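My entries follow in the order in which I looked things up.

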Amino acid sequence: PLVDEHLHALYTCVSLDARIEDISISVGAVRLASDELRTSRRFAQLLELLLEVGNFLNYHRTQGGAGGFRLASLNSLHVAPRATTDGRALLTHVAAMLAAADEHHHGSQLLAWADELPVLDDAARASFDAVHEELFDVHADVQHAYAYVCDTSLGANAVPDSARRRLAAARRTVAAA
């Protein structure tokens, strides 16, 4: 049993940098994509148009005249079928209308907003749940290894000081994340 504990502590020390780097890459891709979305002129125009469409459709309801909307609400437009003339979901119908308008006006290219966002594909592959789970696993592994290393009867003399210091630093870093 002590051999397993010792190997786990050493493996945690050795693999920690790579695991944190993987998490950092995913978080960095999402951060870059967020910055690109925030500064994209075409994406802002598309959102303004969707707000106008929503206000037009809800003119006589309490939702009409909204100054904004939550991006998560766009999911309901895609999933839930709406009463459109062609029987498609509302978001699909609006996208078809935008495509036709873009074709007719030849210059706005509003639907080409994703072309301004080269990092978006990388960010789309990053899963918040996967990053959260990996961070939780790293935290648990570091806590476990640190407890083993600090227990004088088990690993204090068997683990190099550099590994002990590395685990102590990692413990503080992961706890702050």
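Predicted model: local features only at pLDDT ≥ 70, side-chain atom pairs only at ≥ 80, totals over all residues.

Thr39: I find it exposed, with a relative accessible area of 68%; exposed means over 50%, buried under 20% and partly exposed in between, with a 1.4 Å probe and protein chains only. Thr39 lies in helix H1, where helices (H or I, at least four residues) and strands (E, at least two) are DSSP runs numbered from the N terminus. I looked for polar contacts, that is, pairs of N or O atoms within 3.5 Å; within protein, one must be able to donate a hydrogen and the other to accept it, and residues adjacent in sequence count only if both atoms are side-chain atoms. The side chain of Thr39 reaches the backbone oxygen of Asp35 at 3.1 Å.

Residues are numbered from 1 along each chain as its sequence is written, and side-chain values use heavy atoms, with hydrogens and water left out.

Ser40: this residue sits in the loop between H1 and helix H2 (41-57). Is Ser40 buried or exposed? I count Ser40 as buried, because its relative accessibility is 4%. Leaving aside residues up to four places away in sequence, Ser40 touches Trp113, Glu116 and Leu117, a contact being heavy atoms within 4.5 Å. At the start of H2, a side-chain oxygen of Ser40 comes to within 3.1 Å of the backbone nitrogen of Phe43.

H2: I count 17 residues and a reach of 24 Å from first C-alpha to last, close to the 24 Å expected at 1.5 Å a residue; the expected span is 1.5 Å times one less than the number of residues. Its buried residues are Arg42, Phe43, Leu46, Leu50, Leu51 and Asn55. Ala44, also in H2, is partly exposed at 35% relative accessible area. The C-alpha atoms of Ala44 and Trp113 are 9.0 Å apart.

H1 with H6: the axes of H1 (residues 2-39) and H6 (residues 128-150) come within 9 Å and cross at roughly 145°. Axes are lines fitted to C-alpha atoms, for helices over the stretch in contact, and angles run from 0 to 180 degrees between N-to-C directions. I sorted the residues of this contact into 12 nonpolar, five polar and five charged; Ala, Val, Leu, Ile, Met, Phe, Trp, Tyr, Cys and Pro count as nonpolar, Asp, Glu, Lys and Arg as charged, and the others, Gly among them, as polar. On the H1 side they include Leu16 and Ile23, and on the H6 side Val138 and Tyr148.

H6: this helix has 23 residues and reaches 32 Å, close to the expected 33 Å. Among its buried residues are Val131, Asp141 and Ala145. His144, by comparison, is partly exposed at 36%. I found His144 touching Glu5 and His8, not counting residues up to four places away in sequence. The C-alpha atoms of His144 and Thr12 are separated by 9.3 Å.

Whole chain: I count seven helices and zero strands. Of the 177 residues, 27% count as buried.
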